[in-house]
Amino acid sequence: MVGKGAEQFAMEQGLEMVDSSYFRDEKRYEQLMRILEVEKQRQGHSSILEMELEDPYFKDRKYGTVGAVAVDKNGNVAAATSTGGMANKRYGRVGDVPVIGAGTYADNATCAVSATGHGEYFIRNVVAHEIASLIRYGKKSLDEAAKEVVMDQLVKMNGSGGVIAVDVKGNISMPFNSTGMYRGYIKEKGQAKAFIYNDEEEGL
Ligand code: ASP
């Protein structure tokens, strides 16, 4: 369910409803203004994607998705992803996040994946499911599979972003091809670590 139907369903379930001003964020507003300005200047000359590649402002952006993947002691995996989408998105756009197999996927035969990035590319590449398939049919490890999709398949298409993933054995992989990606993990004994840029992810 999306749009009005989803809203109606949420209301029927008794979820708290707030005015859209509740979600106003000054930084995001400034970002939107900047995008609209650049778009106006370049009307008819370049796409948002080209802007992303050329404009340092876009290059430096880090996506703001909140995603989680988990595995329990019996090897059950789960994934969840939440996002406000892309700045200046089209009315009615549905991104990759709620599309199972694209931005979110979990399967006890392989792994759980939650993605962030330019959603259209994640839908086209069916990123989360592709990672699971490379493990299932290609016999790759989680890290090999995640890196192949994020650092090779997506890069070839200029699709920026990354994933967090955990497999049924508890292996973790968090590759990204954008400048940074807020990410972290908590292991079974409670060891927790967080990263933003390309730090050494020791002991994964
Ligand atoms: N993947 C999201 C989208 O395209 C954006 C994000 O990473 O937050 O809607």
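The legends below accompany close-up views of a predicted model.

**View 1. The chain as a whole, as background to the close-ups.**
The predicted model contains seven helices and eight strands. Of the 204 residues of the chain, 34% count as buried. When contacts between residues at least 6 apart in sequence are considered, 50% of them join residues at least 24 apart.

Valine 163 belongs to strand E5, which spans residues 161-167. The relative accessible area of valine 163 is 0%, so this residue counts as buried, the cut-off being under 20%. With neighbours within four places in sequence left aside, the contacts of valine 163 comprise Val113, Ser114, Ala115, Phe122, Val127, Ile131, Ala146, Val150, Ser173, Met174, Pro175 and Met181. A further spatial relation shown here is that to glycine 103, which is 60 residues away in sequence, while the C-alpha to C-alpha distance to valine 163 is 8.4 Å.

**View 2. Helix H6 and the elements that its buried residues pack against.**
Helix H6 covers residues 127-136 and is mostly covered, given that seven of its ten residues are buried. These buried residues are Val127, Ala128, Ile131, Ala132, Ser133, Leu134 and Ile135. Their packing partners are E3, E4, helix H5 (119-124), H7 and E5. As a guide to reading the spacing along a helix, an α-helix has 3.6 residues a turn, so residues three or four places apart point the same way.

**View 3. The largest pocket and its lining.**
The volume of the largest pocket is about 1600 Å³. Its lining consists of 42 residues, and those that lie nearest the centre of the pocket are Phe23, Thr83, Gly84, Gly85 and Lys89. Classified by residue type, the lining holds 16 nonpolar, 14 polar and twelve charged residues. At least two lining residues come from each of helix H1 (3-12), helix H2 (26-41) and strand E4 (111-117), and the largest share, five residues, is that of H1. Both domain 1 (3-59) and domain 2 (63-177) contribute to the lining of this pocket, with at least three residues from each.

**View 4. The aromatic pairs.**
A search of the whole structure finds two aromatic pairs. In one of them, tyrosine 22 and phenylalanine 23 are arranged edge-to-face, with 5.1 Å centre to centre and 85 degrees between the planes. Tyrosine 22 and phenylalanine 23 are both exposed, and Phe23 is also one of the residues nearest the centre of the largest pocket. Tyrosine 185 and phenylalanine 195 form a tilted pair, for which the centre to centre distance is 6.2 Å and the angle between the planes is 45 degrees. This pair links distant parts of the chain, with tyrosine 185 in strand E7 (residues 183-186) and phenylalanine 195 in strand E8 (residues 192-195), ten residues apart. Tyrosine 185 counts as buried because its relative accessibility is 11%, and phenylalanine 195 likewise counts as buried because its relative accessibility is 6%.

**View 5. Two asparagines with positive phi.**
Most residues other than glycine have a negative phi. Asparagine 88, although not a glycine, has a positive phi of about 60 degrees, and its place is in the loop between strand E2 (77-82) and strand E3 (104-106). A relative accessible area of 27% makes asparagine 88 partly exposed. Asparagine 158 also has a positive phi, near 65 degrees, and lies in the loop between helix H7 (142-156) and E5. With a relative accessible area of 39%, asparagine 158 is partly exposed.

**View 6. Asparagine 198 in the segment after E8.**
Asparagine 198 is found in the segment that follows E8. Its relative accessible area is 67%, and asparagine 198 is therefore exposed, the cut-off being over 50%. Apart from neighbours within four places in sequence, asparagine 198 is in contact with Phe176 and Arg183. Serine 178, which is 20 residues from asparagine 198 in sequence, lies 9.9 Å from it in space, C-alpha to C-alpha.

Methods: Residues numbered from 1 in each chain as written. Predicted model: local features only at pLDDT ≥ 70, side-chain atom pairs only at ≥ 80, totals over all residues. Heavy atoms only, no water. Helix = DSSP H or I, 4+ residues; strand = E, 2+ residues; numbered from the N terminus. Buried < 20%, exposed > 50% of the residue type's maximum accessible area, 1.4 Å probe, protein only. Contact = heavy atoms within 4.5 Å. 1 Å grid on protein atoms, 1.4 Å probe; cavity = no way out; pocket = protein on both sides within 12 Å on 5 of 7 lines; lining within 4 Å. Points joined across faces, edges and corners; volume = space filled by probe spheres on them. Nonpolar A, V, L, I, M, F, W, Y, C, P; charged D, E, K, R; others polar. Domains from an automatic or database assignment. Phe/Tyr/Trp six-rings, centres within 6.5 Å; stacked < 30°, edge-to-face > 60°.
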